[in-house]
Amino acid sequence: MTSAPRLHLSPPFRAEHIGSLKRPNELLQKRAQLDQGKITRGELEQVEDKYIDEIVKFQRDIGIKAITDGEFRRHMFFDGFFDHLDGMKLVQPVPESMFMPWVPDIVGFKEHDFKNAATYLCVGKLKRTRPFYREQFLGLAKFVSPEEVKSIKLTCCPPHWFHLRHGPFAYPKDVYTNDEEYLADIAKAYKEELHDLYAHGCRNIQFDDPMITYFCAESMLEGMTKDGFDHKAILDLYIKTYNDILRGKPDDLTVGIHLCRGNFKDGRHFAEGGYDRIAIKLFNELNVDTYYLEYDTARAGTFEPLKYLPRNKSLILGLISTKIRDLEDINHLEQRVRAAAEIIANGEQTRSVEEALNQLCISPQCGFASHSEGNNVTDEDVKRKLTLLVDAAKKIWPSST
C-alpha cells in the first residue's frame, strides 16, 4: 500500500525569498563587457564568484536558510534550460507575427528593446546532451557548508515557457506532430536533469512559472478562445508535463512552483486576476510539494482559493513587495497569515487552524531582480525587507524558526 505524500517543510522554510537579488554594478558591467567581447567567460566567472560569496553571507547573516546565488549567473530568471537543450535555436530578432499577442507579457517585451528576452525555438528533436543547471548549483554549493547544501534553492524555467509565447511557431510540424510530443521530450529532458541535480546533492527546486498564473487573466483566455486555442486543454497539458517531470522523484527532493503576474523592468506587472479559476487544478492535480504565491496586492485576489489546499502540501504567501521601497507592517503581515490559515482550516479538507498555520510560510511576491537590472529598490531596501521577513516569521512561528 502506497503511503500518502508527506507535508514538505524545511524546505520550504518559514522565511523564504523567491531567488533573485539585486546585482552589483560591477557584475552588470562585466556581463556587458562579456557580451561586447571585451572579457572572457572565465573573467566574468571570477566576478560572479566574488559576489555570490558575498550574497551567501548576506542571506545567512539575515537568517535566510534557503540560500540562493541571487541568480547572479543569469541575465533573466528563465535562463539555463532552453539555451542548453539540444534541438533549440536562438532566434533574434523574432518576427512579431511569431508571438501570441494575448500572452500578457508580450506587450511589455515589445515595448522594450530588451536583449535579455531571448527566444529559443525548436528546430530538431529535443534532448538533454549536457547538464542545464549543474554548474550553477555546484557554483553555489561551494560557498556554503556541507550541512547547508541540502537547503540551498535552485530556481528553474517552466517547461512550457516558449510554447505559450509562440504557440504554433514553437516547433516545426515535421519534427513534432503535436504539442503532446513536443512537451513530452521537454519533460524527459527535465526529468533527466532533476536526476542529475539530485545525484550532485540538490534537494530544493523552485519552478518560476508566471505562465500558469496567466490562466487567471480573462484577457488571455478571451484572446486564446478567439484565436481557436482551447485554454482548458492547454493548462491540463502543462500540468501533465510537470507531473511527467516529477513522477518518481525522491521524497527528500522538495519541488515547488512560484506563481506571479509579472516582475519586469521597474517592477511592472502584466496580468491581474485571482487564483479562483485555477485553484482546484493547481492544488489537487499539479504534483508539486509546495506553492509560492504572489499575494502582495489586490490584483492577486483573495485568500478564498486557498480553501482547496490539501493537508499534505505547504504554501508560501508572497506578502512582501519587491517592487516598492516602503516597508510593510509586521503586525499586518501576521494578520494576513492568520487570515489565510483560517480559510485553509475551514476549506474542502477541514483541519485545525494550528495545522493550517503549520502549512504556511512567507516570502516576497517575486524576486528583487527577475531581470538583470532589477527593481527600483536599493540594497538597503532589500536588507530591510528580508530582515522584516525573518522577524515576521519568528513572530508568527516562534517555535519553528
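Which residues in helix 11 meet which residues in helix 13? Ile330, Asn331, Leu333, Glu334, Val337 and Arg338 in helix 11 meet Leu388, Asp391, Ala392, Lys395 and Ile396 in helix 13, where contact means heavy atoms within 4.5 Å. This is a predicted model, in which local features need pLDDT of at least 70, side-chain atom pairs count only at pLDDT 80 or more, and totals for chains, interfaces and linings use all residues. Residues are numbered from 1 along each chain as its sequence is written, and side-chain values use heavy atoms, with hydrogens and water left out.

**Helix 11 and helix 13**

- The axes of helix 11 (residues 330-345) and helix 13 (residues 379-396) come within 10 Å and cross at roughly 55°; axes are lines fitted to C-alpha atoms over the stretch in contact, and angles run from 0 to 180 degrees between N-to-C directions.
- Helices are DSSP runs (H or I, at least four residues), strands are runs of E (at least two), and both are numbered from the N terminus.
- Helix 11 and helix 13 are therefore oblique to each other (under 35 degrees is roughly parallel, over 145 roughly antiparallel, 65 to 115 roughly perpendicular and the rest oblique).
- Their contact has six nonpolar, one polar and four charged residues (Ala, Val, Leu, Ile, Met, Phe, Trp, Tyr, Cys and Pro are nonpolar, Asp, Glu, Lys and Arg charged, and the others, Gly among them, polar).

**Helix 1 and helix 2**

- Helix 1 (residues 25-35) and helix 2 (residues 41-62) pack at about 165°, with axes 10 Å apart.
- The two helices, helix 1 and helix 2, are therefore roughly antiparallel to each other.
- Helix 1 contributes Glu26, Leu27, Lys30, Arg31 and Leu34 to the contact, and helix 2 contributes Arg41, Leu44, Val47, Glu48, Lys50 and Tyr51.
- Five of these contact residues are nonpolar, none polar and six charged.

**Largest pocket**

- The largest pocket has a volume of about 820 Å³. On a 1 Å grid over the protein atoms alone, a pocket is an open set of points with protein on both sides within 12 Å along at least five of seven lines, a cavity is a set where a 1.4 Å probe fits but cannot get out, and lining residues have an atom within 4 Å of a point. Points are joined across faces, edges and corners, and a volume is the space filled by probe spheres set on them.
- The lining holds 31 residues, and Arg31, Arg41, Arg73, Asp83 and His84 are the closest to the pocket's centre.
- Helix 1, helix 2 and helix 4 (134-141) each supply at least two lining residues.

**Second largest cavity**

- The second largest cavity holds about 70 Å³ of space.
- Helix 4 gives the most to its lining, with three residues.
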